[in-house]
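Please keep the sequence and the model in view while reading.

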Amino acid sequence: MEEKLYFNYTNDLHSNFEQWPRVSSYLKESKALRNRRGESSWIIDIGDHVDRSHPITEASMGKSNIKLLNDAGYDFVTIGNNEGITLSHQDLYHLYDEANFQVLCANLNSTDQEEPPWLNKTIKIETVNGIKIGFIGLTAPFNAFYELLGWHISTEFDALDSHIAELEQSVDIIILMSHLGISVDQEIARRYEDIDVIIGGHTHHLLRNGETINNTIITAAGKHCSFIGEVILTWDHHQKKLVKKEAYTTDITNKAKDLQTEQTIQEMQAEADKLLGKTVVHLEQPIEVNWFTNSPIMQELTNTLRNWTKADAAMLNAGLLLDRLPAGAVTYKDIHRICPHPINPVVVDLKGDELIEVIRASLTKEFMELRLKGFGFRGELLGKMMFSGLKVETAFHRDGGEYVKRVLLENGKQVNPDHTYYIATADTFTFGRLLPEIAKASTKQYFVPEFLRDLLAHTLRSNFS
């Protein structure tokens with residue numbers, strides 16, 4: 001006799017609540033169908049459901065996301081970096097207090113030795129027909145942030161070495177819930193033949209029909225839940241083994257929305273508006289924002305960053321502020337609206353010649369007009385770089401392109417190419433290759449849990465009230 005096991009999953013919603021009523025509708029219908037047919041099915045999320053760029057998540061510190069997962073009937077969830085490193089230690093510790101599902105993350109540990117009660121390394125279940133399934137969850141090891149917040153992430157391979165052998169002896173099927181990214185998932189499949197399924201996320205990759213490496217099928221459903229994934233496993237009770245593994249993703253962007261979920265989100269939005277409605281400052285004059293020229297608000301925010309971090313100098317891109325602030329009362333909601341990014345301050349050490357190269361790169365047309373998606377940035381384009389503690393003298397080529405003539409310190413002296421300077425900026429630039437000299441800096445000091453919008457609130461109170 002053969003039996004099919006069904007697993008629906010989502011990954012990397014990033015609080016895209018406009019799409020969530022479609023997700024809820026699809027999952028409820030799928031679950032009801034499986035129940036009518038007497039089939040075994042589960043619903044799984046692979047992390048980054050939370051994103052503080054949305055005011056509902058910001059106001060509730062992710063608790064609203066957990067209610068939505070509860071209402072949609074989820075069974076198993078692992079954490080992504082947005083759950084893990086954009087919340088304070090206490091907010092993450094209590095994030096899943098009201099969860100009706102089980103949370104797995106085998107490589108997350110609290111550095112104070114007090115683990116949250118919701119945290120499971122692995123979970124084992126048994127179907128009504130006796131098939132034993134083991135789940136293990138893993139998240140990406142951003143320890144430069146985690147350890148400042150009182151957590152430690154062990155490497156994925158250390159965690160797997162600690163648990164896979166025992167799971168292999170005690171269950172029939174092993175499923176890895178991986179918020180690690182496609183390349184890591186592929187390497188795990190090459191190394192661990194006992195893992196049957198890897199359901200992935202983090203790098204927002206879409207595998208429409210899965211990918212098979214050795215004995216493992218890998219799958220992932222892109223980002224923002226435009227797609228929902230499904231894994232179907234066929235178990236042969238006579239042979240006592242899996243005889244078929246399938247993985248699919250379904251485009252639900254035209255799916256009808258669940259009306260109850262829409263109503264819940266509307267109520268959550270009203271509550272968020274109330275919680276974020278406290279006045280931070282009263283403006284006599286509007287504050288204008290321009291992505292390509294110097295503006296007083298960006299200059300003062302860059303000054304605040306330098307003073308806050310006690311750095312030698314600071315630099316921030318003007319595209320961080322998305323809109324103007326009108327005269328009158330400015331609330332936390334307004335500040336979140338114009339600076340929604342989950343971005344922390346960081347100080348990096350740069351040699352003088354590296355600093356000059358960073359400044360040159362940041363003032364190019366290509367950099368300023370780059371439409372960045374990811375690395376915490378939730379804006380439209382990067383915009384012009386602003387500086388504090390530095391005087392950047394520029395001129396223009398005949399074609400209109402700006403170039404750097406020389407860079408002076410606040411005291412008027414030229415930057416020494418061989419001297420090390422401590423430069424404060426947005427943590428966005430420590431990832432990828434936007435500004436390689438910053439990304440490869442040997443020393444990076446991140447400031448958590450403050451976001452740049454916290455510094456913006458301080459700037460408004462200090463300089464614009």
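## Surroundings of Thr249

Apart from neighbours within four places in sequence, Thr249 is in contact with Tyr9, Leu206, Leu207, Arg208, Ala220, Ala221, Phe227, Ile228 and Gly229, where contact means heavy atoms within 4.5 Å. Thr249 belongs to strand S15 (residues 241–251); helices (H or I, at least four residues) and strands (E, at least two) are DSSP runs, numbered from the N terminus. Thr249 counts as buried because its relative accessibility is 7%; buried means under 20% relative accessible area, exposed over 50%, and partly exposed in between (1.4 Å probe, protein chains only). Gln285 is 36 residues from Thr249 in sequence, and the two lie 51 Å apart in space, C-alpha to C-alpha.

## Basis of the model

This is a predicted model, in which local features need pLDDT of at least 70 and side-chain atom pairs count only at pLDDT 80 or more, while totals for chains, interfaces and linings use all residues. Residues are numbered from 1 along each chain as its sequence is written, and side-chain values use heavy atoms, with hydrogens and water left out.

## Nonpolar cores

A nonpolar core is a set of buried Ala, Val, Leu, Ile, Met, Phe, Trp, Tyr and Cys residues joined through side-chain atoms within 4.5 Å. The largest has 97 residues, of which Trp20, Tyr74, Tyr96, Leu108, Phe429, Leu456 and Leu460 touch the most other members. Helix H15 (residues 452–463) contributes the most to this core, namely 5 residues. A second, separate core has 26 residues, among them Tyr9, Phe76, Ile131 and Ile199.

Phe429 has contacts with Asn317, Phe367, Leu382, Met385, Leu434, Leu435, Ile438 and Ala439, leaving aside its neighbours within four places in sequence.

## Aromatic pairs

The whole structure holds 12 aromatic pairs. Rings of Phe, Tyr and Trp (its six-membered ring) pair if their centres lie within 6.5 Å; planes under 30 degrees apart count as stacked, over 60 as edge-to-face and the rest as tilted. Tyr96 and Trp118 form an edge-to-face pair, 4.8 Å centre to centre with 65 degrees between the planes. This pair links distant parts of the chain, 22 residues apart: Tyr96 is in the loop between helix H5 (89–93) and strand S4 (102–104), and Trp118 is in the loop between strand S5 (108–110) and strand S6 (119–120). Tyr96 is buried, with a relative accessible area of 4%, and Trp118 is buried at 8%.

The rings of Phe145 and Tyr446 have centres 4.1 Å apart and planes at 40 degrees, so this pair is tilted. Phe145 lies in helix H6 (residues 143–146) and Tyr446 in strand S24 (residues 444–446), so the pair joins parts of the chain 301 residues apart. Both Phe145 and Tyr446 are buried. Ring pairs also link Phe142, Phe145, Phe375, Phe431 and Tyr446 into a cluster.

## Pockets

On a 1 Å grid over the protein atoms alone, a cavity is a set of points where a 1.4 Å probe fits but cannot get out, and a pocket is an open set with protein on both sides within 12 Å along at least five of seven lines; lining residues have an atom within 4 Å of a point. Grid points are joined across faces, edges and corners, and a volume is the space filled by probe spheres set on the points. The largest pocket has a volume of about 920 Å³. It is lined by 34 residues, of which His14, Gly374, Phe375, Gly376 and Arg378 are the closest to its centre. Helix H4 (residues 81–85) gives the largest share of this lining, 3 residues.

The second largest pocket, of about 250 Å³, has 13 lining residues, with Lys365, Met368, Gly400, Gly401 and Glu402 nearest its centre.

The structure has 1 cavity of 30 Å³ or more, and the volume of the largest cavity is about 40 Å³. Its lining consists of Asp45, His49, Val50, Ile66, Leu69, Val77, Thr78, Glu83 and Tyr96. Helix H3 (63–71) and strand S3 (76–78) are the elements that give two or more residues to this lining.

His49 lies in the loop between strand S2 (40–45) and helix H2 (55–60) and counts as buried at 1% relative accessibility. In H3, the residues Ser64, Asn65, Ile66, Leu68, Leu69 and Asn70 are buried. Just after H3, Gly73 takes a positive phi of about 85 degrees.
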